[in-house]
Amino acid sequence: MGTCSACCPVAGVCIPDRNIFRGPMTDLSVLVFTGVILALIAIYAVRLRVVPMPSLAAARAEIISYIPSDTKTVTDFGSGWGDLAINIARHRPDIAVTGIELSPVPYAISRMRAVLAAKPNLTLIRADFRKIDREPGDVVVCFLDPRVMGDVGDVLDQKMRAGGIVISRAFAIPGWQAFGEVPMKSGSDILYLYRVGKHKAEA
Ligand SMILES: C[S@@+](CC[C@H](N)C(=O)[O-])C[C@H]1O[C@@H](n2cnc3c(N)ncnc32)[C@H](O)[C@@H]1O
């Protein structure tokens with residue numbers, strides 16, 4: 001410490017300016033942090049073969065309108081940032097909603113949003129829906145990718161009880177017979193509606 005009226009005119013005491021070093025380091029930390037987050041999102045998108053793209057408000061409203069009125073439980077296979085699961089919980093307080101998401105960044109954000117939404121009927125789980133050991137409930141909703149729809153069919157064949165409803169945005173389950181294929185008003189996607197137990201195409 002010495003005196004220096006040029007850089008510390010008020011106190012007249014010169015404290016070495018640590019900001020000279022902190023500035024560039026902070027910028028670097030932010031860059032590294034952002035890079036790690038983006039890399040994690042990309043790695044999981046490649047690994048899971050699904051991009052974490054959320055359903056927007058109009059699409060969510062359409063999907064929710066196809067959930068039957070007597071539904072008690074809904075699972076979102078691949079709940080992403082939480083948009084659809086949180087909105088189902090908000091619009092249907094009578095339903096216990098579970099979102100299953102494996103990608104850590106969307107999952108972490110969805111957990112924060114769920115805390116803010118404070119919906120007691122919403123549970124978010126970090127897991128692979130292909131490995132769930134529980135029944136998915138009355139209704140499964142999903143918005144995934146054609147490359148994983150075979151896995152969805154396999155899981156639901158094993159885990160979902162007869163009478164359960166599956167609502168798949170945009171992508172059909174291979175080998176399953178939909179009872180409805182509804183063009184969405186909010187875009188060019190189709191909603192595929194299935195009823196487990198009646199989902200196998202008749203020979
Ligand atoms: C297109 S986003 C849809 C998000 C949400 N359902 C919505 O409509 O807003 C699909 C999500 O599924 C997740 N996902 C893909 N495969 C998964 C798996 N096997 N287990 C859990 N999540 C998976 C992806 O990480 C991605 O976040």
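**Strand β1 and its partners**

I started with the pairing of β1 and strand β4 (residues 139-142), which run parallel and are joined by four bridges. Before going on, I noted to myself that this is a predicted model.

Next I looked at β1 against β2. These two are also parallel, with five bridges between them. Going from β1 to β2, the chain passes through α3, and I logged this β-α-β crossover as right-handed. For a residue pair I wrote down Phe-77, which stands opposite Ile-100 in β2.

Is β1 enclosed or open? I checked burial along residues 73-77: four of the five residues are buried, so the strand is largely enclosed by the rest of the structure.

**Around the ligand**

Which residues come closest to the ligand? I got Pro-52, Ser-55, Gly-78, Gly-80 and Ser-103, out of 24 residues that surround the ligand. Then I asked which elements give two or more residues to this shell, and found α1 (19-48), α3 (83-91) and β2 (96-101). By residue class, I have the shell down as 14 nonpolar, five polar and five charged.

**Two positive phi values**

I went looking at backbone angles and stopped at Arg-49. Its phi is near 65 degrees, a positive value in a residue that is not glycine. I placed Arg-49 in the loop between α1 and α2 (57-65). Arg-49 counts as partly exposed because it has 13 C-beta neighbours inside 10 Å, and the cut-off for exposed is 12 or fewer.

Ala-118 turned up too, with a positive phi of about 50 degrees, and it is not a glycine either. I found Ala-118 in the loop between α4 (104-117) and β3 (122-126). Buried or exposed, I wondered about Ala-118? With 7 C-beta neighbours inside 10 Å, Ala-118 counts as exposed.

**Val-155**

Last, I followed Val-155, which sits in helix α5 (residues 149-159). I counted 18 C-beta neighbours inside 10 Å, so Val-155 goes down as partly exposed; buried would take 20 or more.

What does Val-155 touch, leaving out residues up to four places away in sequence? I have Phe-129 and Arg-130. I also noted the spacing to Ile-132: this residue is 23 residues from Val-155 along the chain, and their C-alpha atoms are separated by 8.3 Å.

Notes. Residues are numbered from 1 along each chain as its sequence is written. This is a predicted model: local features need pLDDT of at least 70, side-chain atom pairs count only at pLDDT 80 or more; totals for chains, interfaces and linings use all residues. A residue is near a molecule or strand if its C-beta atom, placed from the backbone, lies within 6 Å of it. Ala, Val, Leu, Ile, Met, Phe, Trp, Tyr, Cys and Pro count as nonpolar, Asp, Glu, Lys and Arg as charged, and the others, Gly among them, as polar. Two strands pair if DSSP finds at least two bridges between them. A crossover is right-handed if, with the strands pointing away from the viewer, the path from the first strand over the helix to the second runs clockwise. Two residues are in contact if their C-beta atoms, placed from the backbone, lie within 7 Å.
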